[in-house]
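Hi,

Here is the structure for your files. My notes on its aromatic rings follow below.

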Amino acid sequence: QLQLVESGGGLVQPGGSLRLSCAASGFNLDYFAVGWFRQAPGKEREGVSCISSRGGITNYADSVKGRFTISKDSANNTVYLHMNSLNVEDTAVYYCAAASPSAYTGSYYCSFTLQYNSWGQGTQVTVSS
């Protein structure tokens, strides 16, 4: 059974940091691109960051560039999202998702528009003083 489980969310003050984890079971993340998405109340879900299945190619939303870093630990089959300099606009439920590489773009590529078919349950991040 393919499963993604997020953890690491919580309440943090503005300017603080959190590290989210996305642990996979039932499949090997080295064969999938992984994306982090978020959804704030009353807003549409948006892509935050992604990492390719091979080569560690990454992409970030403009709103988080320079503050967030995505990484993958293949030994533990886990993808992380390191979030620094958090602000109230980062408050949302954060989801990780996995996508098979596109036949057109290959394994050394990721984007928020890949077919993300496996999703975690989400973890709440609240930035508030």
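Which residues form one aromatic cluster? Phe 37, Phe 112, Tyr 116 and Trp 119 do.

First, the ground rules. This is a predicted model, where local features need pLDDT of at least 70, side-chain atom pairs count only at pLDDT 80 or more, and totals for chains, interfaces and linings use all residues. Residues are numbered from 1 along each chain as its sequence is written, and side-chain values use heavy atoms, with hydrogens and water left out.

**Ring pairs**

The structure holds five aromatic pairs. Rings of Phe, Tyr and Trp (its six-membered ring) pair if their centres lie within 6.5 Å; planes under 30 degrees apart count as stacked, over 60 as edge-to-face and the rest as tilted. One of the pairs is Phe 27 with Phe 32: centres 5.0 Å apart, planes at 75°, so edge-to-face. Both residues are buried (under 20% relative accessible area; exposed is over 50%, partly exposed in between; 1.4 Å probe, protein chains only).

Phe 37 and Trp 119 also pair. Their centres are 5.0 Å apart and their planes at 50°, so this pair is tilted. Phe 37 lies in strand β4 (residues 33–39) and Trp 119 in strand β10 (residues 116–119), so the pair ties together parts 82 residues apart in sequence. Strands are DSSP runs (E, at least two residues), numbered from the N terminus. Phe 37 is buried, at 6% relative accessibility. Trp 119 is partly exposed, at 29%.

**Charges over rings**

The charged end of Arg 45 sits over the ring of Phe 37, 5.9 Å from its centre. The criterion: NZ of Lys or CZ of Arg within 6 Å of the ring centre and within 35 degrees of the ring normal. Arg 54 lies over the face of Tyr 31, 5.1 Å from the ring centre.

Best wishes

Terms used
Helices (H or I, at least four residues) and strands (E, at least two) are DSSP runs, numbered from the N terminus.
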